[in-house]
Amino acid sequence: NQKATIGDTNYFTYYIREVKAPEGYQKSDTIYYATMNNTGEKPNYVQGYVDKNGNQVPFENNPTGTIPNTKIITGTVSWTKVVEGDADHTPLAGSEWKLAKLGAGGLTEAQSWTVSDQSTPSETTWADTDAKDGKFTLDDLLPGTYTLTETQAPFGYELNKNTYKFTVDSTSGSITWIENEKPNIVDGITYISDSCSVTSVKIPVIKSVRNTDWPKDSSGKYVAFDFSIEATGPNKDSAPMPDSKTISVAPADSTKVNDIEASFGEISFSKEYLATNDASNPTGAKTYTYTVKEVAPTTGAIDKLRYSKAEYQVAVTVKAVLDEKTGKYSGLTTSTTVTQVKDDMGNTVSNTIGKDAEPNAIPASTFTNTYSTTLPLSGMSGVTLTYLAGAAVLCAAAVWMHIRRKANAKGGKRRE
């Protein structure tokens with residue numbers, strides 16, 4: 001409703017800037033101007049724009065002041081999370097990702113978002129529009145270069161530490177994964193895999209011989225002593241086992257001929273050996289118990305060598321590694337408690353020799369065989385054949401002396 005005096009050439013100028021673009025188009029940040037040259041019914045069109053220096057630049061061949069909008073070009077990227085080596089490419093639920101858009105130089109992150117199964121859009125989260133767990137589809141990606149990094153592996157799996165890079169084309173919106181930084185693509189479908197987490201333990205034993213040298217066989221080789229391991233306890237039927245349930249222990253050579261240490265083969269634990277993880281057991285911890293003991297030979301036992309009757313219970317607890325600060329999982333680990341339940345004589349004991357030991361620090365179960373001329377009889381510990389033989393001789397001598405005294409007392413003849 002402003003008025004100008006007739007003949008006045010100082011016309012009013014208005015400046016215009018778009019605040020919202022039509023859907024599917026980019027908002028223009030350009031400032032346009034319109035000078036009110038016409039009065040009455042004749043319209044005044046936008047005549048040009050303001051450049052970065054603040055100068056008015058008239059349109060060319062645009063008499064009606066058309067303001068253009070650029071159609072938004074976007075791309076859609078998708079991938080499927082799978083188990084490494086799965087030929088069927090079955091989607092694996094439970095992973096989380098970091099999507100980052102790189103700056104103009106392609107070296108630094110301009111902005112990043114978190115992505116998870118069916119994540120909803122926000123300033124820090126990009127929407128996953130695929131309804132199936134383990135499959136991801138991200139729409140409306142503006143042209144540029146992006147990186148994709150897994151930040152949380154599915155429960156019981158190893159984190160994929162690769163960073164994948166792709167571009168969104170500015171003219172077509174097509175996706176191109178960059179060589180040497182791209183995932184596995186089969187028949188046009190992108191797969192990113194995780195390996196199943198595996199952790200393992202080796203249960204050691206130490207064998208000692210006391211009061212004599214380590215025995216040798218007739219060929220001069222050191223005699224081996226055998227040990228066994230068996231799963232016991234409530235989870236014995238599902239417990240993993242080493243390749244061999246027995247081992248033989250003997251010195252390798254004369255440089256060390258006692259306190260010989262050996263281990264059963266690896267016992268491997270993977271996701272299938274975890275308990276269900278929930279609020280009461282967020283790491284899926286589950287304990288497997290093993291009994292370790294020496295196996296005395298049924299034939300060919302070493303003379304005068306008392307074989308150890310010791311037994312040990314080895315409790316291995318497997319669980320997922322949980323970062324309490326981030327709440328994220330990263331593989332599996334174990335802790336091991338070793339308890340002696342019988343001593344070398346076979347007496348019941350309860351001696352914890354290692355508690356919650358790290359996988360590479362499991363204490364050894366120690367077994368000692370003792371050489372002795374004593375051969376304990378049932379219920380007569382400490383009574384020996386040597387003692388019995390000596391007692392028999394003394395008894396015989398006492399009887400002979402008694403008979404002789406009686407004969408002398410009666411004047412009888414000596415009897416040999």
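In this predicted model, V205 lies opposite A262, a residue of strand β18. The two strands concerned, β15 and β18 (residues 260-263), run antiparallel and are joined by four bridges. β15 also pairs with strand β25 (residues 365-371), here in the parallel sense and over six bridges. The pairings of β15 are set out below.

| Partner of β15 | Sense | Bridges |
|---|---|---|
| β18 (residues 260-263) | antiparallel | four bridges |
| β25 (residues 365-371) | parallel | six bridges |

β15 is mostly covered, with five of its seven residues buried. In the protein as a whole, buried residues make up 32% of the 416 residues.

V205 is also one of the residues that touch the most other members of the largest nonpolar core, a set of 36 residues; I203, F227, F264, F269, Y290 and V292 are likewise in this group. Elements giving two or more residues to this core include β15 (204-210), β16 (225-232), β20 (286-295) and β23 (328-342). The largest share, five residues, is supplied by β22. In soluble globular proteins, nonpolar side chains tend to be buried together.

Leaving aside residues up to four places away in sequence, V292 touches I203, V205, S228, I229, F264, A310, E311, Y312, V314 and F367. Apart from this core lies another, of 17 residues, among them W97, F136, L138 and Y146.

Overall, the protein has one helix and 25 strands. Of its contacts with a separation of 6 or more, 57% are between residues 24 or more positions apart. The protein exposes about 25,400 Å², of which carbon and sulfur atoms supply 49%.

Methods:
Residues numbered from 1 in each chain as written. Predicted model: local features only at pLDDT ≥ 70, side-chain atom pairs only at ≥ 80, totals over all residues. Heavy atoms only, no water. Buried < 20%, exposed > 50% of the residue type's maximum accessible area, 1.4 Å probe, protein only. Contact = heavy atoms within 4.5 Å. Areas by Shrake-Rupley, 256 points an atom, 1.4 Å probe, with all protein chains shown as cover. Core = buried A, V, L, I, M, F, W, Y, C linked by side-chain atoms within 4.5 Å. Pairing = 2+ DSSP bridges.
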